[in-house]
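The sequence and structure come first.

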Amino acid sequence: MQALFARSDIADLISKVEAGERLSAEDGLRLFRTPDIAALGYAANLVRERLHGDTTTYIVNRYLHYSNVCWDTCKFCSFYRKPGEPGSFTKPVEQIVEWARQFEGQGIQELHIVGGLHPSLKYDYYLQLLRGLKGVLPDTSLKGFTSVEIDWFSRIGRKDARMVMREMHEAGLDSLTGGGAEIFAEHVRKQICPNKIGAERYFEIHGIAHEMGLKTQVTMLYGHVESDADRIDHLLRIRDFQDRTGGFQVFIPLAYHAENNALKARRASGMTDLKVYAVSRLMLDNVPHLKCYWISAGLKLSQVALGYGVDDLDGIVYEHERIFHDAGSGTPQKLGEEDVRKLIRDAGRVPCRRDSRYKLLEEVTA
Ligand code: SF4
């Protein structure tokens, strides 16, 4: 261990990390509570460099919001609108496919599809949407829908979740997004999203995707009413599940934003953001990648996070992102590829374009 950290209150935990030992729930709590952010960063960076060296990946992607209409009313959500409410929209499939046509031949690796739980769209709308998009962008990976939406499709289509996943996959869906995880602890969900499916259903649907050979993402919405213990519980549930399926390819912490929603909690501090990244990297020893979603975290913090366990930045966004910008995120709506590469290089890391399965698409040179 570096002499600098020998007297840290987490020196024993750093030794465990150096030896490659798995950390316990109690260890995780101590990591969240340490004032020694430098020691925490050292440990998280050790794991990051063991796994990925200096390589920092990003993907050339686009966002598609097909609708923001949702019957649910999650308290942290600034995105949803009720049917007919000012600002609500639902796009016809033909219009979306026409929009996608402009990206033909541009080498877009991934389309990230986002919506809510629409009360009147039919099950077939989603299949037609996927088929239409795959028809014009056959080489672009379609990453869409959360497990909450898959559960919703299962209800409106009167099919079990396995059948829904199979039909969506056949229509073109390549992977599930990680949204809907929020904080898994039931007492937190009761406060922030009481109508949403619980942890068991979330994992069941991701498990079906993993059985089908799809890789998925998993998230955590932090910085609202949850405690350190709730965060550790969240991370350990993911770690346990990942031990069984191995299908999560990336973990994405998402900071709660307070504008235009009912929760009105206070946005976490930059120090908390860095702790969440570092502790996540240390606890999730079986999830290969840790992503910083710069749209939510901010560009400057994203850069610093590359020294706290993060090895992947999302992404190259040209279409307007809605989820975090509606909630008050002040980050740019658009970031070009060269901007992302510079941001990574300025942090002393090596940028590398990747595909949706984290295959590196260029030779990594320091
Ligand atoms: S988080 Fe999702 S399910 Fe909840 S209100 Fe927003 S769009 Fe609807």
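At 6% relative accessibility, Gly-41 counts as buried (buried means under 20% relative accessible area, exposed over 50% and partly exposed in between, with a 1.4 Å probe and protein chains only). The model is a predicted one, in which local features need pLDDT of at least 70, side-chain atom pairs count only at pLDDT 80 or more, and totals for chains, interfaces and linings use all residues. Residues are numbered from 1 along each chain as its sequence is written, and side-chain values use heavy atoms, with hydrogens and water left out.

- Gly-41 belongs to helix 3 (residues 37-52); helices (H or I, at least four residues) and strands (E, at least two) are DSSP runs, numbered from the N terminus.
- Leaving aside residues up to four places away in sequence, Gly-41 touches Gly-307 and Tyr-308, where contact means heavy atoms within 4.5 Å.
- Between Gly-41 and Tyr-277 there are 236 residues of sequence separation, while their C-alpha atoms are 9.1 Å apart in space.
- Glu-200 sits in helix 9 (residues 199-211) and, at 72% relative accessibility, counts as exposed.
- From Glu-200 to Arg-349, 149 residues apart along the chain, the C-alpha separation is 38 Å.

**Helix packing**

- Two packed helices are described by the angle between their axes and the distance between the axes.
- The axes are lines fitted to C-alpha atoms, for helices over the stretch in contact, and the angles run from 0 to 180 degrees between N-to-C directions.
- Angles under 35 degrees count as roughly parallel, over 145 as roughly antiparallel, 65 to 115 as roughly perpendicular, and the rest as oblique.
- A crossing is left-handed if the near helix is turned anticlockwise from the far one by less than a right angle, and right-handed if clockwise.
- For residue classes, Ala, Val, Leu, Ile, Met, Phe, Trp, Tyr, Cys and Pro count as nonpolar, Asp, Glu, Lys and Arg as charged, and the others, Gly among them, as polar.

*Helix 2 with helix 10*

- Helix 2 (residues 25-33) packs on helix 10 (residues 228-245) at about 130 degrees, with the axes 9 Å apart; the two are therefore oblique to each other.
- The crossing of helix 2 with helix 10 is right-handed.
- Helix 2 contributes Ala-25, Gly-28, Leu-29, Phe-32 and Arg-33 to the contact, and helix 10 contributes Asp-228, Ala-229, Arg-231, Ile-232 and Leu-236.
- In this contact of helix 2 with helix 10, six residues are nonpolar, one is polar and three are charged.

*Helix 10 with helix 11*

- An angle of about 30 degrees and an axis distance of 10 Å describe the packing of helix 10 with helix 11 (residues 270-283), so these helices are roughly parallel to each other.
- Helix 10 and helix 11 have a right-handed crossing.
- On helix 10 the contact uses Arg-231, Ile-232, Leu-235, Leu-236 and Arg-239, and on helix 11 Thr-272, Val-276, Val-279, Ser-280 and Met-283.
- The contact of helix 10 with helix 11 has six nonpolar, two polar and two charged residues.

*Helix 4 with helix 5*

- Helix 4 (residues 93-101) and helix 5 (residues 123-136) meet at about 20 degrees with axes 9 Å apart, and are therefore roughly parallel to each other.
- Helix 4 crosses helix 5 in a right-handed sense.
- The contact residues are Val-93, Ile-96, Val-97, Ala-100 and Arg-101 of helix 4, with Tyr-125, Gln-128, Leu-129, Gly-132, Leu-133 and Val-136 of helix 5.
- By class, the contact of helix 4 with helix 5 has eight nonpolar, two polar and one charged.

**Cysteines**

- With a disulfide taken as a pair of cysteine sulfur atoms within 2.5 Å, the count is zero.
- Cys-193 is in no disulfide, and the nearest cysteine sulfur, that of Cys-74, is 5.2 Å away.
- Cys-193 counts as buried at 1% relative accessibility.
- The sulfur of Cys-292 is too far for a bond, because the closest cysteine sulfur, in Cys-352, is 18 Å away.
- Cys-292 counts as buried at 0% relative accessibility.

**Positive phi**

- Most residues other than glycine have a negative phi.
- Phe-145, not a glycine, has a positive phi near 65 degrees.
- Phe-145 lies in the loop between strand 3 (141-144) and helix 6 (147-157) and, at 0% relative accessibility, counts as buried.
- Glu-182 also is not a glycine, and its phi is positive at about 45 degrees.
- The loop between strand 4 (173-175) and helix 8 (186-192) holds Glu-182, which counts as buried at 6% relative accessibility.
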